[in-house]
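Subject: Structure handover

Dear colleague,

Here is the structure I said I would pass on. My notes on it follow below the entry.

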Amino acid sequence: MVYWDMDYLLKKYPPFLSAETFLEAIKISTDNFNFDNKPRKFTHYESIRNINIPRILSIPHPIAYKNQCQVISDNWNELQTYFQEKTENNSHKISRIHIRKIDNSSKVFQTCYQDMEDINLDDYQELIVNHIFEMGHKNFCTDDYPEPKLLIGKKYIVKADISNCFPSIYSHSVPWALVGKEEAKLHKKDDTKWYNQIDEKCRNLKEAETHGILIGPHASSIISEIVLIAVDKELTNKGYKYIRNIDDYTCYVKSNEEAEIFLVTLSNELKNYNLVLNHRKTEILELPLASTEHWIRKINTFIFPDENQKLKLNEIRAFLDIALDLMKENKENSAILNYAIKVLSNKKMTSNAKQYFIHTVHHLVLIYPYLIPLLDDKIFTLFDIEVSEIEEIAKNIFTMAKEKKLYEAMSYAIYFSIKYDFRLIDNLFEIIDKNRDTVLMLLSYLHDKKFINHSSITSKYKNLAKSLKDDIDEYWIFIYEVLTVGLLEEEWRKMKQSNISFIKSEFIL
């Protein structure tokens, strides 16, 4: 059984994609999808972060990613032992993304590396949509939140982070961490070794490249943890007390001298795995410091009226004004607005306040496109927005995004039009033919198929897909969904013959 987390990965994009039918097909007949473990390309996707600078995420080739998930699953006993040995003597949970098991309803259990022997993988055979691992940033298991205890007797905090962590992870460093560099190098050409098989499957996601792992998939988080808990082991053996949030370190020390020694030690340990510190994000801070970011404390000082009373327009405006002022103080960090909108979306409002809030959010998403993914769940659905207003918002988003070449924002605008059944624009094909973003191209195809559905327009998309076939690994989501069985080859043809689609059924027209 392959435990596949691509549905989690696809949730990072406009939610019209799913790996459900792919997983079902594999569960029924693994042999049909047991293709060569050859290197593949992957699809790039630009996602806007809260600093409004794109983060390049990756959509892996489905067969290559299936193979990576398979090798992790096949060798989970060895990995379980490795995780346990590296962490069993820790006084607290150092990593904030330690693996947790979940049940069929995606509930996160506070389970730690040391507890992984309790997992019965057979319990998860029926999982289709849900993933096994929850790489969260909360819940430190049984030791709760360790920071207050770690602070006792300390006078300084060291903040450090790895430079370009995922893109810098060397695939061969995974065997180094798992069995030691000497043994790994001694057997580096032995493809029967389980640790070399993990190395190979990592490389095959990136055209056999040894440098870098994909940003996005859960499997990449597992791979990064393999390397980073090896670093943790050496640091804890030297007595350092710290927590790690993926590649961000916060260490608690007694003196400035100890802080400097920690940075040197951390840098040296990272170099053993070909990783380096990002010196621009390295700092030593004198205690005491506030335990949370100051903007969160300030925004939470706002006193809302009784829960049973509806918020008035002036109260909504006052709360948003605080959020906007805090943004100016915090280098335009739109995470503040993200937080504020989520808070307000759960409040009852008067009619005027509701309209003011919606119009303000409409205004803000055009300035801070990072907020756009909040619209569907936190605004359109919760406030029961009229389709005509959703259409206006979507069209404004598309116009803004087209000018700025923000493909994710353009994709969301098209997604809204398909979901809420309104025609966004007439000349989509001409726009996407120039931009060539995979997710954008597929959503445009679905839009035009729904609202135009003329042979001339569908032929344009098919011709575009055929012209990109030489780069099918890079554009696979678009090409695979647009072309018919007879125009596909190898694994793509087999998948199409098995009626596999990566589009959710409600978007298939």
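At what angle do helix H3 and helix H9 pack, and how far apart are their axes? Please bear in mind that this is a predicted model. In it, H3 (residues 62-74) and H9 (residues 194-204) pack at about 160°, and their axes are 9 Å apart. Angles over 145 degrees count as roughly antiparallel, so H3 is roughly antiparallel to H9. The crossing of H3 past H9 is left-handed. On the H3 side, the contact is formed by Ala64, Asn67, Gln68 and Val71. H9 contributes Gln197, Ile198, Lys201, Cys202 and Asn204. By class, the residues of this contact are four nonpolar, four polar and one charged.

From H13, the residues involved are Ile316, Phe319, Leu320, Ala323, Leu324, Leu326 and Met327. They meet Ile336, Leu337, Ala340, Val343 and Leu344 of H14. This contact has twelve nonpolar residues, with no polar and no charged ones. The contact of H3 with H9, by comparison, includes four polar residues and one charged residue.

One loop residue is also worth a look. Lys281 sits in the loop between helix H11 (256-271) and strand E6 (283-286). Is Lys281 buried or exposed? Its relative accessibility is 52%, and the cut-off for exposed is over 50%, so Lys281 counts as exposed. Leaving aside residues up to four places away in sequence, Lys281 touches Lys159, Ala160 and Asp161. Between Lys281 and Ala160 there are 6.0 Å from C-alpha to C-alpha, although the two are 121 residues apart in sequence.

As for the chain as a whole, the protein chain has 23 helices and six strands. Of its 509 residues, 53% are buried. Among contacts in the protein chain with a separation of 6 or more, 72% are between residues 24 or more positions apart.

Regards

Definitions and conventions: Residues numbered from 1 in each chain as written. Predicted model: local features only at pLDDT ≥ 70, side-chain atom pairs only at ≥ 80, totals over all residues. Heavy atoms only, no water. Helix = DSSP H or I, 4+ residues; strand = E, 2+ residues; numbered from the N terminus. Buried < 20%, exposed > 50% of the residue type's maximum accessible area, 1.4 Å probe, protein only. Contact = heavy atoms within 4.5 Å. Nonpolar A, V, L, I, M, F, W, Y, C, P; charged D, E, K, R; others polar. Axes fitted to C-alpha atoms, helices over the stretch in contact; angles between N-to-C directions. Parallel < 35°, antiparallel > 145°, perpendicular 65-115°, else oblique. Left-handed = near helix turned anticlockwise from the far one by under 90°.
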